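Subject: Structure handover

Hi,

Here is the structure I promised. My notes follow below it.

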Amino acid sequence: TLLLLLATTAVAQQPPPCGLPENDQFDFWLGTWDVHTGGDLVGRNVIAKVHGGCTVREEYHATQGAFEGSSFNWFDPANEVWHQVWVDNSGTRLDLIGGIEDGSMVMSGMRVQNGQSVADRITWTPNEDGTVRQVWDQTTDGGETWKTVFDGLYRKVKEEE
C-alpha cells in the first residue's frame, strides 16, 4: 500500500505532458478567424488546442472554391522548437520548424515542388488590435530572393456568427 501511495504521489507531482510555458506560445492564434488578403475575405480558419492541449490544430476553408487544408502544430521540448505539418487538397505538404522570434511565430522548411527545391518561411504576428498577420514567403535560390505568396490578416469571428 505504501508503494502504491508513493507511486501515485510521484505521478501526481509530474507536470502535465504539455505543461511547459512554451506550449502556450502559439495561443495567440487560437479561435475562429475570417482571413483577408488585400481587404478581401478569402477564408475561414478555426484554430483550437486538441489532444489534451498538446497540439494546435488548424482547419482552413476558402470562401470561394473548394480549397481546404489542415495543420498540426506542437512544441517539441527535447529540441526546443515548434513543428508544423500542413496538408491540403491541392497536394501541398509543408513540414516546418521554428519558434518565437521578436514576438512572432516563425517557422520554415524545405520541400521539392515540380522538381525544384523550395524553402518556405511563414510568420504569424499578433497585432495590438487582436488581429494576426500571417506572411508566407518562398525562395528557390537558396535565400537570395524571397517572394511573398500569401499575406493574410486574421480577424476574429464574433461569438454570435
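Predicted model: local features only at pLDDT ≥ 70, side-chain atom pairs only at ≥ 80, totals over all residues.

Start with strand β5. Val-85 in β5 is the bridge partner of Phe-72.

Residues are numbered from 1 along each chain as its sequence is written, and side-chain values use heavy atoms, without hydrogens and water.

Strands are DSSP runs (E, at least two residues), numbered from the N terminus. They pair if DSSP finds at least two bridges between them.

β4 (residues 68-76) runs antiparallel to β5, with 8 bridges. Their hairpin has 4 residues between the strands, and Glu-80 takes a positive phi near 55°. β5 and β6 (residues 93-101) are also antiparallel, joined by 6 bridges. That hairpin has 4 residues between its strands too, with Gly-91 in the turn at a positive phi of about 95°.

Now the pocket. A pocket here is an open set of points on a 1 Å grid where a 1.4 Å probe fits, with protein on both sides within 12 Å along at least five of seven lines; lining residues have an atom within 4 Å of a point. The largest pocket holds about 360 Å³ of space. Its lining has 21 residues, and Phe-67, Trp-86, Asp-88, Trp-136 and Phe-150 lie nearest the centre. Elements giving two or more residues to that lining include β5 (81-88), β9 (132-139) and β10 (147-156).

Best wishes

How values were computed
Points joined across faces, edges and corners; volume = space filled by probe spheres on them.
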